[in-house]
Amino acid sequence: MKRYVFAGCALLVTALVLTRPAASKSEPFPDPTIDDPLASASAQRSVVVAGGCFWGVQAVFQHVNGVVSATSGYSGGTVKNPSYEAVCTGRTGHAESVRVVYDASQISLGRILKVFFSVAHDPTEVNRQGPDTGTQYRSAVFYADDNQQRITRAYIDQLNQAKVFRRPIATQVMSLEQFYQAEAYHQDYANKHPDEPYIAFNDLPKVDALRKQLPDLYRR
């Protein structure tokens with residue numbers, strides 16, 4: 001293991017790369033049984049998710065068909081306009097998050113969540129993802145309305161009942177109070193720094209997993 005310090009945060013980089021580490025079954029990841037129908041015309045909608053370091057989560061959704069944009073930021077805390085350094089202390093209550101804007105005529109919320117739960121992160125981890133630990137790396141879906149909450153909770157129940165993972169899903173389902181966009185140097189970070197050890201070991205494999213496991217949702 002090597003320790004890298006970036007903008008005040010200690011990042012542990014490990015050569016151990018795991019895809020869907022808590023999965024208990026080798027069958028294709030199930031589609032949600034409760035979902036929105038595709039819109040009849042182009043319509044932009046958004047959902048905010050948290051699944052560990054936002055670099056990798058953003059990188060995954062940038063390669064999903066129907067996604068218009070994926071923006072790194074902070075949600076779920078009590079401090080207004082938090083800085084990265086403050087969030088890294090774990091004392092602001094925020095989670096590193098990604099706001100996913102998608103075209104509802106091309107992809108549904110349920111399919112967005114399928115990507116999130118299957119390849120973007122390990123939803124059974126509590127206050128950590130891979131080498132990163134702390135409440136800022138927790139798994140969460142921040143819903144914008146009752147419909148998003150209903151679909152998210154139903155999908156979590158479906159995955160738990162099917163025992164898709166060896167452990168129960170730990171993802172928090174919380175109302176979105178505020179999304180604060182992260183600093184400019186965090187945006188598109190994985191694509192700009194693919195050779196950094198942290199990105200190569202922890203984030204690029206997630207994009208590759210999207211390509212291999214969900215080819216109908218993958219775009220270059």
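Q: Which side chains meet in a salt bridge at 2.5 Å, N to O?
A: Those of Asp208 and Arg211. A salt bridge here is a side-chain nitrogen of Lys or Arg within 4 Å of a carboxyl oxygen of Asp or Glu. The model is predicted: local features need pLDDT of at least 70, side-chain atom pairs count only at pLDDT 80 or more, and totals for chains, interfaces and linings use all residues. Residues are numbered from 1 along each chain as its sequence is written, and side-chain values use heavy atoms, with hydrogens and water left out.

Q: How are Asp208 and Arg211 placed in α6?
A: They are 3 residues apart in helix α6 (residues 197–213), so about one helical turn separates them. Helices (H or I, at least four residues) and strands (E, at least two) are DSSP runs, numbered from the N terminus.

Q: Is Asp208 buried or partly exposed?
A: Partly exposed, with a relative accessible area of 27%. Buried means under 20% relative accessible area, exposed over 50%, partly exposed in between (1.4 Å probe, protein chains only).

Q: How many salt bridges does the structure hold?
A: It holds 6.

Q: Switching to Lys114: what does Asp31 do with it?
A: Asp31 forms a salt bridge with Lys114, with the closest N and O atoms 2.8 Å apart. That pair links distant parts of the chain, 83 residues apart: Asp31 is in the loop between β2 (9–13) and β3 (44–51), Lys114 in helix α3.

Q: Is Lys114 buried or exposed?
A: Buried, at 7% relative accessible area.

Q: And how many residues of α3 are buried?
A: In α3 (residues 109–120), 12 of 12.
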